[in-house]
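Open the model in your viewer and keep the selection tool at hand. We will go from stop to stop.

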Amino acid sequence: MKRLFEPFYIKHLKIKNRICVPPMVCYNWVKEDGCVVHKNIEHYRAIARGGAGLIIQEATCVDPEGKLSKDQLGIWEDRQIDGLKEIVGAVHEEGCPIFLQIHHAGVNGSGEYLLCPSDYEMDKDGEKRIGHEMTKEQIHKVQDQFVKAAVRAYEAGYDGVELHGCHRYMMCEFFNSRVNKRTDEYGRHPEKFALEILERIKKEVPENFVVGIRLGAFEPALADGIRHAKILEKHGINFLDISYGFSGEDKPEAPKDFPYKDVIHAAGEIKKHVSVPVFAVNSITDARMAEDILERTGVDMVDIGRGVLVNYNWAIDAREGRNTGRCLHCKECQWRIDAEKCAGRVLLNRKRNTGE
Ligand SMILES: Cc1cc2nc3c(=O)[nH]c(=O)nc-3n(C[C@H](O)[C@H](O)[C@H](O)COP(=O)(O)O)c2cc1C
Ligand code: SF4
């Protein structure tokens with residue numbers, strides 16, 4: 001595991017290994033006020049203790065109207081800062097840096113009136129969603145909310161923020177020209193929405209505060225993902241965490257003989273065109289695979305998501321050569337319903353208790 005445990009830097013920030021815990025919303029924990037509860041603090045403390053090099057905290061909403069679910073953490077008002085500070089304090093005490101993912105759900109939201117760059121209809125879990133084309137005023141209001149959220153994240157002590165720019169949410173809706181059909185400058189330049197937010201955040205926070213993005217690789221094609229990555233780098237983005245974009249309106253691709261997910265291949269392709277750190281994600285199940293991906297693709301970090309939900313100590317166990325457990329890829333992840341019922345976690349604990 002030569003590369004997996006090799007330290008590196010994102011800007012000034014030293015990262016002790018190449019394992020990043022990506023953002024994962026803890027459903028059913030938080031009330032409608034979006035404020036941090038005790039369980040959130042203990043969850044992140046335990047993850048930090050588990051030895052990862054970096055944590056990116058779950059999607060935290062910049063606008064109460066832009067939540068993906070009613071029980072999502074929020075950063076739309078100052079009174080939410082104190083709770084967030086407690087998460088940061090707990091994680092820093094364990095010697096781990098933490099970024100906050102800032103998010104607006106757009107047409108994928110849970111509110112009554114859903115915003116989207118253009119009028120757009122989609123089906124989500126059998127339910128029809130209608131996104132309403134945003135006015136320029138609405139665009140500027142949401143951009144403002146992202147900038148204010150980043151400033152609050154800085155005040156709460158985070159080491160940086162990650163703009164949520166993928167997974168069918170608002171920023172991704174702007175990037176994807178099959179969803180964003182505007183004829184104004186926000187449609188002619190699909191990256192403009194994100195770039196303006198990035199540039200404004202940079203002006204509001206000190207130089208050493210990290211600002212990265214979770215970006216769709218296929219938006220709709222890999223060539224678009226590469227183009228967006230290059231433009232973002234030119235405008236000062238500090239890292240690129242590459243995931244799926246607006247699925248259903250994308251054209252994923254990878255060589256037939258590539259042994260991992262197409263999105264991991266895409267992260268490697270993007271890395272060939274930029275010099276900022278690039279992260280790869282999706283279904284990385286064990287340390288050997290993680291090492292091979294670092295080696296084969298040239299990316300800088302691997303995200304271990306559900307693997308860490310199964311086993312908070314994934315990174316330490318990987319380093320010590322122990323069984324890290326594995327996500328069983330349940331039809332519906334129980335962490336979206338009742339985390340106690342995570343099948344991978346139950347299996348790992350049983351094996352450990354019985355010495356199987
Ligand atoms: C319960 C759950 C919540 C998630 N929440 C987020 C989120 O808040 N933001 C995000 O960008 N991705 C989110 N994801 C996606 C993960 O960050 C990750 O990309 C995905 O699980 C694939 O990686 P893995 O195979 O290592 O789990 C979530 C995934 C799960 C299982
Ligand atoms: S509930 Fe299933 S899919 Fe979710 S982390 Fe656990 S084993 Fe993986």
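Predicted model: local features only at pLDDT ≥ 70, side-chain atom pairs only at ≥ 80, totals over all residues.

Stop 1: Select residues 4-324. An unreviewed UniProt entry lists them as "domain: NADH:flavin oxidoreductase/NADH oxidase N-terminal". Over this stretch the chain is 36% helix and 19% strand.

**Stop 2: the ligand.** Select ligand 1 and show its surroundings. How many residues surround ligand 1? There are 19, and the closest are Pro23, Gln101, Arg214, Ser283 and Arg306. Colour the shell by class: nine residues are nonpolar, six polar and four charged.

- Valine 25: a backbone N or O atom lies 2.9 Å from a nitrogen atom of ligand 1.
- Serine 283: a polar backbone atom is 2.7 Å from an oxygen atom of ligand 1.
- Arginine 306: here a polar side-chain atom lies 2.7 Å from an oxygen atom of ligand 1.

On its own, ligand 1 has 610 Å² of accessible area, and the protein covers 92% of that.

**Stop 3: asparagine 238.** Find the loop between helix 7 (222-234) and strand 11 (240-243); asparagine 238 is there. Is asparagine 238 buried or exposed? Its relative accessibility is 9%, so asparagine 238 counts as buried; the cut-off is under 20%.

Show its side chain. A polar contact of 3.2 Å joins it to the side chain of lysine 202. The side chain of asparagine 238 also reaches the backbone oxygen of glycine 236, at 3.4 Å.

Key. Residues numbered from 1 in each chain as written. Chains lettered and ligands numbered in written order. Heavy atoms only, no water. Near = heavy atom within 4 Å. Polar contact = N/O pair within 3.5 Å; in protein donor to acceptor, adjacent residues only side chain to side chain. Areas by Shrake-Rupley, 256 points an atom, 1.4 Å probe, with all protein chains shown as cover. Nonpolar A, V, L, I, M, F, W, Y, C, P; charged D, E, K, R; others polar. UniProt positions renumbered as here; feature names shortened; annotations may be inferred. Helix = DSSP H or I, 4+ residues; strand = E, 2+ residues; numbered from the N terminus. Buried < 20%, exposed > 50% of the residue type's maximum accessible area, 1.4 Å probe, protein only.
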